[in-house]
Amino acid sequence: MRALTSRIIASLTLAAALSFSVHAEETLRIGYQKSSTLLTLIKQRGELDKSLAARGIKVSWHEFTSGLPLLEALNLNNVDLSADVADTVPVFAQAAGADLTYYARETPSPAAQAILVPANSSIKTLQDLKGKKIAVTKAAGSHYLLIAALQKAGLKFSDITPAWLTPADGRAALEHGSVDAWVTWEPFVTSSKVEQHSRVLVSGNGLASYQRYYLVSTPYAQKHNEVLNIVYHALEQESAWLKAHPTDAAKILSPLWGNLPLATIEQANQQRSYDIEPVQKTDLAEQQNIADAFYNAKLLPKPINAQAVGTWQPLN
């Protein structure tokens, strides 16, 4: 009797384990941020959920406050794939030993980042930033833009005083005069220009191309080609929909983006390419520049090879 009971318990334990395994394989866990425009629209409109549900796959959505925690969750197997993150974020994840694969990118949008100053500021050139206090989000794409801008001006990072702030805090600091300049990205650039009458000192044009990358854990990519293919084509379709329906997209995004005016969102979205492409190793040259810049600034613990990552290609 005892032996039979043991066999039953063992069978039930195995069945539970198998059930959990099947359930895990049938759930796609997607991490995203508020700035993840295309996947935010996809989530709200529900098309991807329907497409995958027809194949027996459930989607669970997990929101993160910024790109670094999102990729950390990806590395820890808490999510399976990520929405877009700024080009700097994979560099930090790679330096931390994350096993990542690029499955898509948005082509460059250099004008979607800028260094802003108050309208009446005496700062007219990049050289005028010397000795100034500048708000910037650490490890974000805007951080690299600031490094590149200072380098172009012949300045060192030590020539300015960084104020490491989130976009919301950076905006408030510029408005209240506690910083001299603010480096940020869309839709904060357009919002600040419209509502605070901020002036663009310089955008990313000629300095930082600002590509946004979509990543997946390498083990997931190796096992779920078809799922990635569905997500990839959903991104392409959502990009086309956003461009054809800018006001409808703005209506969806506005309550998620702090009730920004529709016109502000439409103007901000015009600064992003939203063009989806697969990633080739040859596309990662600027990733190497970013990695080298952050290593030289002692923000990375070791030099990295930006091409030492996986790249996934769509099936058709």
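Helix 10 and helix 11 pack with their axes 5 Å apart, at an angle of about 105 degrees. The two helices are therefore roughly perpendicular to each other (angles of 65 to 115 degrees count as such, under 35 as roughly parallel, over 145 as roughly antiparallel, and the rest as oblique). This is a predicted model: local features need pLDDT of at least 70, side-chain atom pairs count only at pLDDT 80 or more, and totals for chains, interfaces and linings use all residues. Residues are numbered from 1 along each chain as its sequence is written, and side-chain values use heavy atoms, with hydrogens and water left out.

**Helix 10 against helix 11**

- Helix 10 contributes W241, L242, K243 and A244 to the contact, and helix 11 contributes P246, D248, A249 and I252 (contact means heavy atoms within 4.5 Å).
- The residues of this contact divide into 6 nonpolar, no polar and 2 charged.
- Nonpolar covers Ala, Val, Leu, Ile, Met, Phe, Trp, Tyr, Cys and Pro; charged covers Asp, Glu, Lys and Arg; the others, Gly among them, are polar.
- Helices (H or I, at least four residues) and strands (E, at least two) are DSSP runs, numbered from the N terminus.
- Axes are lines fitted to C-alpha atoms, for helices over the stretch in contact, and angles run from 0 to 180 degrees between N-to-C directions.

- An open sheet is formed by 5 strands in the order 8-7-9-6-10, with mixed pairing (two strands pair if DSSP finds at least two bridges between them).
- Strand 8 (161-164) and strand 10 (199-203) stand at the edges with a single partner strand each, so one side of each is left without a neighbour in the sheet.
- From one strand to the next, the twist averages 30 degrees.
- Strand 6 (residues 113-117) and strand 10 run antiparallel and are joined by 4 bridges.
- V117 has R199 in strand 10 as its bridge partner.
- Helix 6 lies across strand 6, strand 7, strand 8, strand 9 and strand 10. Helix 6 runs at about 70 degrees to strand 6.
- Helix 8 also packs on the sheet, where it touches strand 6, strand 9 and strand 10. The direction of helix 8 makes about 130 degrees with that of strand 9.

**Salt bridges**

- The count comes to 11 salt bridges (a side-chain nitrogen of Lys or Arg within 4 Å of a carboxyl oxygen of Asp or Glu).
- E238 and R45 meet in a salt bridge, at 2.7 Å from N to O. E238 lies in helix 10 (residues 225-244) and R45 in helix 2 (residues 37-45), so the pair ties together parts that are 193 residues apart in sequence.
- E238 is buried, with a relative accessible area of 4%, and R45 is partly exposed at 28%. Buried means under 20% relative accessible area, exposed over 50%, and partly exposed in between (1.4 Å probe, protein chains only).
- E106 forms a salt bridge with R272, with the closest N and O atoms 3.1 Å apart. The pair links distant parts of the chain, 166 residues apart: E106 is in strand 5 (residues 100-106), and R272 is in the loop between helix 12 and strand 12 (276-277).
- Both E106 and R272 are buried.
- D275 and K243 form a salt bridge whose closest N and O atoms are 2.2 Å apart. D275 is in the loop between helix 12 and strand 12, K243 is in helix 10, and the two are 32 residues apart.
- D275 is partly exposed at 33% relative accessible area, and K243 is partly exposed at 44%.
- Through salt bridges that share partners, D84, E106, R212 and R272 join into one network.

**Backbone exceptions**

- Most residues other than glycine have a negative phi, and most peptide bonds are trans.
- E186 and P187 are joined by a cis peptide bond, with omega about 5 degrees. P187 lies in the loop between strand 9 (181-185) and helix 8 (188-195).
- A139 has a positive phi, near 75 degrees. A139 is found in the loop between strand 7 (133-136) and helix 6 (141-152), and counts as buried at 5% relative accessibility.
- N259 has a positive phi, near 60 degrees. Its loop runs between helix 11 (246-253) and helix 12 (262-269), and N259 counts as exposed at 58% relative accessibility.
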